[in-house]
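Subject: Structure handover and notes

Dear colleague,

Please find the structure below, followed by notes on what was found in it.

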Amino acid sequence: MTMLILSVDSSASPASVCLFQDNKILSEYYINVGLTHSQTLVAMIESMLTVTGIKSEDIDLYAVNSGPGSFTGVRIGVSAVKGMAYAQNKPCIAVSTLHSMAANFLSDNAVVCSCMDARRHQVYNAVFRIHNGEIERLCDDRAISVADLIEELKETDEPVILVGDGAELVYYSCEELNEVHLAPPAQRFQRASSVAVIAAEKAKKGEMISPASLMPSYLRLSQAERERMEKQKG
């Protein structure tokens with residue numbers, strides 16, 4: 001079945017949008033210049049649709065990195081996709097940001113360790129094995145201390161590729177581990193095209209949801225919420 005997917009990522013500093021159909025990237029826009037996603041995301045989508053000549057009613061499915069990641073960035077991306085899908089009465093797919101980064105390496109046979117900087121010496125993390133174009137999840141998405149993750153990596157007896165905006169933080173904390181490698185810049189960060197690749201596979205399995213069911217996945221409370229809870233305890 002031919003399915004036209006519009007995918008979005010705004011889970012960290014970069015933002016990207018993609019049109020994807022029949023395992024082909026029709027268009028992808030990527031920006032990382034420090035502007036807020038509220039300034040850029042909708043403009044990027046509108047520009048992409050204009051340049052490609054594709055109308056919003058032609059889109060069959062909307063996909064988004066729904067987290068973990070920046071609380072504000074994830075919320076903006078999810079809200080944008082919910083709004084577009086509601087307007088066209090089309091289904092959505094929520095993609096793990098960490099899972100989508102592993103899809104950057106589908107042509108490799110490797111273990112991919114996705115790391116996003118969660119502050120406070122922690123990363124949002126998940127580990128995947130790529131083999132013959134298939135992604136096997138080795139652990140759930142989680143928030144883990146850099147120290148604990150390094151201890152886990154010490155037990156790994158195969159090469160590991162670190163990806164994400166927390167990859168350097170982990171890499172330079174475990175330089176003695178010869179089998180841990182930093183992904184090259186072009187593959188290190190999440191992209192909307194990889195979101196679309198995961199979404200296409202999820203769609204084949206019937207994992208589509210309604211716009212109303214699409215929600216952010218933060219993994220932990222925001223700093224403001226944690227501080228409020230601490231005050232309430234006091």
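The largest pocket has a volume of about 640 Å³. On a 1 Å grid over the protein atoms alone, a pocket is an open set of points with protein on both sides within 12 Å along at least five of seven lines, a cavity is a set of points where a 1.4 Å probe fits but cannot get out, and lining residues have an atom within 4 Å of a point. Grid points are joined across faces, edges and corners, and a volume is the space filled by probe spheres set on the points. The largest pocket is lined by 25 residues, and those closest to its centre are Val197, Ile198, Ala200, Glu201 and Lys202. Two or more lining residues come from each of E2, strand E8 (134-137) and H7. H7 contributes the most, with 7 residues. Helices (H or I, at least four residues) and strands (E, at least two) are DSSP runs, numbered from the N terminus.

This is a predicted model, in which local features need pLDDT of at least 70 and side-chain atom pairs count only at pLDDT 80 or more, while totals for chains, interfaces and linings use all residues. Residues are numbered from 1 along each chain as its sequence is written, and side-chain values use heavy atoms, with hydrogens and water left out.

A search of the whole structure for cavities of 30 Å³ or more finds 1. The volume of the largest cavity is about 40 Å³. Its lining consists of Ser13, Ala15, Ile31, Asn32, Val33, Gly34, Leu35, His37 and Thr40.

His37 is also one of the residues touched by serine 10. Leaving aside residues up to four places away in sequence, serine 10 touches His37, Leu41, Gly73, Val74, Ile76 and Gly77, where contact means heavy atoms within 4.5 Å. Serine 10 is in the loop between strand E1 (4-9) and strand E2 (15-21). Is serine 10 buried or exposed? Its relative accessible area is 1%, so serine 10 is buried (buried means under 20% relative accessible area, exposed over 50%, partly exposed in between, with a 1.4 Å probe and protein chains only).

Salt bridges

The structure holds 10 salt bridges, each a side-chain nitrogen of Lys or Arg within 4 Å of a carboxyl oxygen of Asp or Glu. In one of them, arginine 191 meets glutamate 28 at 3.5 Å, N to O. This pair links distant parts of the chain, 163 residues apart: arginine 191 is in the loop between helix H6 (185-188) and helix H7 (192-204), and glutamate 28 is in strand E3 (residues 24-31). Arginine 191 is partly exposed at 24% relative accessible area, and glutamate 28 is partly exposed at 24%. The charged end of arginine 191 also sits over the ring of tyrosine 30, 4.4 Å from its centre; the criterion is NZ of Lys or CZ of Arg within 6 Å of the ring centre and within 35 degrees of the ring normal.

Arginine 188 and glutamate 168 form a salt bridge at 3.3 Å, N to O. Here too distant parts of the chain are linked, with arginine 188 in helix H6 and glutamate 168 in helix H5 (residues 167-171), 20 residues apart. Arginine 188 is buried at 9%, whereas glutamate 168 is partly exposed at 39%.

The side chains of arginine 129 and glutamate 136 form a salt bridge at 3.7 Å, N to O. Arg129 and Glu136 belong to a salt-bridge network with Glu158. Arginine 129 is partly exposed at 27%, as is glutamate 136 at 41%.

Aromatic pairs

There are 2 aromatic pairs. Rings of Phe, Tyr and Trp (its six-membered ring) pair if their centres lie within 6.5 Å; planes under 30 degrees apart count as stacked, over 60 as edge-to-face and the rest as tilted. Tyrosine 171 and tyrosine 172 make an edge-to-face pair, 5.0 Å centre to centre with 75° between the planes. Tyrosine 171 is partly exposed at 24%, and tyrosine 172 is partly exposed at 46%.

Backbone

Most residues other than glycine have a negative phi, and most peptide bonds are trans. The peptide bond from glycine 67 to proline 68 is cis, with omega near 0°. Proline 68 is in the loop between strand E4 (61-67) and helix H2 (71-88). Asparagine 89 has a positive phi, near 55°, and lies in the loop between H2 and strand E5 (92-96). Asparagine 89 is exposed at 71%. Arginine 120 has a positive phi of about 55°, and its place is the loop between strand E6 (110-117) and strand E7 (122-131). Arginine 120 is exposed at 58%.

Regards
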